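Please walk me through this structure, one selection at a time. I have it open in a viewer and would like to know where to click and what is there.

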Amino acid sequence: MITTEYFSSSEKSSDDFLILNNCGEQYLNDRDYSTLRQNGRIDYSLYYIAQGKGYYEDCDTIKEIPTGSILLYSPNVPQHYFFKKQDSTVLLWCHFTGKLCEKLNNIQNATQPITIINKKEFEYVFRNMISANNIKEPQYEIATTGYMTVLLSFVLKNIKNDNSKLIKSKHRVIEAVINDMYLNYRNPIDLNVYAEKCCVSKSRFMHIFKEHTGVSPYHFQLNIRIERAIELLQFGNISVSECAFNVGFNDCSYFCRIFKKKTGHTPKQYMIGIK
């Protein structure tokens, strides 16, 4: 596969309302194409698959961009996407900048493509914008800004419609982490491993986890350990020190302090049934 900066570059950023930097339509059926921008671009990038499909790299995983969906990158975000000859992909693309783009800043980049619902109308506006930019009649910038504004309204509307799907996807990842924590509650938490599983930074993972559970990963694990400790003390015929060790505490005194803080009772009270 050829790795190249295939599309022409006219990168610039602006504080104007909205500016189209460049755009085009490509028929990618003569060879494989690959674009790698390790530092991204200084403007916004939008790639729409009108026919066929594309592929992009996300957290060292190759994912597919299906027909009728877009891939959106914010400034300075690494980009690696490619197309295979046999897919006969038709790609509509544009690079743009301006204050209106701030509405896109809450979108997580390159985690999953955004599906366009009204594809026919979206493609009609997109191709009119490309035509206006190519012909460059007097005051064509006004026309391209208008078309670009309409395209962004499509994108934002589709993101809103897909929001519940994105939330469910995020929750599924966190639920997988929670399941792993229940299976391995005796072991110390490695936040870097969990963050990597979620394809986010450690700080971002901690934020998402607390948003989902209401507590930090460390407190969540403590709660699991105390739950297991209560079960062992009530039904396991086990000493307090053995219980502490079995649920992941190396210090029995610390275990007793945490246990009382969490339950309001000492471990021995649970052993003799005083609650």
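Here is a short tour of some backbone spots and aromatic rings in this predicted model.

Most residues other than glycine have a negative phi. Start by selecting D60, which is not a glycine and yet has a positive phi of about 65 degrees. You will find D60 in the loop that runs between β4 (54-58) and β5 (61-65). Is D60 buried or exposed? With a relative accessible area of 73%, D60 is exposed, because exposed means over 50%.

Next, select K136, another residue other than glycine with a positive phi, here near 55 degrees. K136 also sits in a loop, the one between α1 (119-135) and α2 (140-183). Its relative accessible area is 44%, so K136 counts as partly exposed.

**Stop two: a stacked pair between strands**

Now turn to the aromatic rings. How many aromatic pairs does a search of the whole structure find? The search finds 15. For one of them, select Y55 and F82: the ring centres are 5.4 Å apart and the planes meet at 20 degrees, so this pair is stacked. Y55 belongs to strand β4 and F82 to strand β7 (residues 79-83), so the pair ties together parts that are 27 residues apart in sequence. Y55 counts as buried, at 10% relative accessibility, and F82 is buried too, with a relative accessible area of 8%.

What does K84 lie over? K84 lies over the face of Y55, at 4.7 Å from the ring centre.

**Stop three: rings on a helix**

Move on to helix α4 (residues 202-213) and select F205 and F209, which both lie in this helix, 4 residues apart, or about one turn. Their rings form a tilted aromatic pair, with 5.8 Å from centre to centre and 50 degrees between the planes. Both F205 and F209 are buried.

**Last stop: a charge over a ring**

Finish by selecting R225 and F249. R225 lies over the face of F249, and the distance from the ring centre is 5.4 Å.

Note on methods: Residues are numbered from 1 along each chain as its sequence is written. This is a predicted model: local features need pLDDT of at least 70, side-chain atom pairs count only at pLDDT 80 or more; totals for chains, interfaces and linings use all residues. Side-chain values use heavy atoms; hydrogens and water are left out. Helices (H or I, at least four residues) and strands (E, at least two) are DSSP runs, numbered from the N terminus. Buried means under 20% relative accessible area, exposed over 50%, partly exposed in between (1.4 Å probe, protein chains only). Rings of Phe, Tyr and Trp (its six-membered ring) pair if their centres lie within 6.5 Å; planes under 30 degrees apart count as stacked, over 60 as edge-to-face and the rest as tilted. A charge sits over a ring if NZ of Lys or CZ of Arg is within 6 Å of the ring centre and within 35 degrees of the ring normal.
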